Amino acid sequence: MIAVRIGPDLRMAVVGSPAYFATYGKPKTPQDLAKHNCINLRLQTYGGLYAWEFEKGGRELRVRVEGQLVFNGTAPMLDAALAGFGLAYLPEDHVRAHLADGRLIRVLADWCPAYPGYHLYYPSRRQPTPAFALLVNALRYRG
């Protein structure tokens, strides 16, 4: 198989509204999330609620969080976090503008390392078709 990088590294972010943090305080470690109202994501392909993934100093940690809200997409999770209903675990690029304007605050950033972005995987062939070669070249990440 051949892997071609088609996107930048990705990083997750734990975010909440200033109003939420004013009421409940900020978690210092992933274990502190047990004391918070977290907004869960249900993935059909995952087989249940998504466990939030953290890493620090080579130590990997998956945390199953609790909360009153469960969604099957990131857009309603973002809306709920903006409205102050709890903490959300979302891709950094989804929340960047809201962090910049102060509508969201990020916590546990040192526990959220970057991981390799999207790749296109395809079987190796001696001579791919010209159309496929153009597609691969167009998708190739050049960042």
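Two strands are taken to pair if DSSP finds at least two bridges between them, and strands (E, at least two residues) and helices (H or I, at least four) are themselves DSSP runs, numbered from the N terminus. What is described here is a predicted model, in which local features need pLDDT of at least 70 and side-chain atom pairs count only at pLDDT 80 or more, while totals for chains, interfaces and linings use all residues. Residues are numbered from 1 along each chain as its sequence is written, and side-chain values use heavy atoms, with hydrogens and water left out.

The pairing rule applies to an open sheet of 3 strands, whose order is E4-E3-E7 and whose pairing is mixed. Strand E4 (48-49) and strand E7 (70-71) are its edge strands, each pairing on one side only. Strand E3, which covers residues 40-43, pairs with E4 in the antiparallel sense over 2 bridges, and Leu-43 stands opposite Gly-48 in E4. Strands of a sheet pair through backbone hydrogen bonds, either parallel or antiparallel.

Helix H3 is next, described by accessibility: buried means under 20% relative accessible area, exposed means over 50%, and partly exposed lies in between (1.4 Å probe, protein chains only). The buried residues of H3 are Glu-92, Val-95 and His-98. Seen down the helix axis, they fall within an arc of 125°, so they line one face of H3; the arc is that of the directions from the helix axis to the C-beta atoms. Ala-97 and Ala-100, on the other side of H3, are exposed.

The structure holds 6 of them. In one, Arg-11 is joined to Glu-92, with the closest N and O atoms 3.6 Å apart. This pair links distant parts of the chain, since Arg-11 is in the loop between strand E1 (2-5) and strand E2 (12-16) and Glu-92 is in helix H3 (residues 92-100), 81 residues apart. Arg-11 is partly exposed, at a relative accessible area of 27%.

Arg-106 likewise forms a salt bridge with Glu-92, the closest N and O atoms being 2.5 Å apart. Arg-106 lies in strand E9 (residues 105-107) and Glu-92 in helix H3, so this pair ties together parts that are 14 residues apart in sequence. Arg-106 counts as partly exposed, at 21% relative accessibility. Salt bridges that share partners join Arg-11, Glu-92, Arg-96 and Arg-106 into one network.

A further salt bridge runs between Arg-5 and Asp-9, whose closest N and O atoms are 2.3 Å apart. Both partners count as partly exposed, Arg-5 at 27% relative accessibility and Asp-9 at 45%.

Elsewhere, Lys-35 is found in the loop between helix H1 (18-24) and E3, and at 68% relative accessibility Lys-35 counts as exposed. Lys-35 and Val-65 are 30 residues apart in sequence and 9.3 Å apart in space, C-alpha to C-alpha.

Key: Salt bridge = Lys/Arg side-chain N within 4 Å of Asp/Glu carboxyl O.
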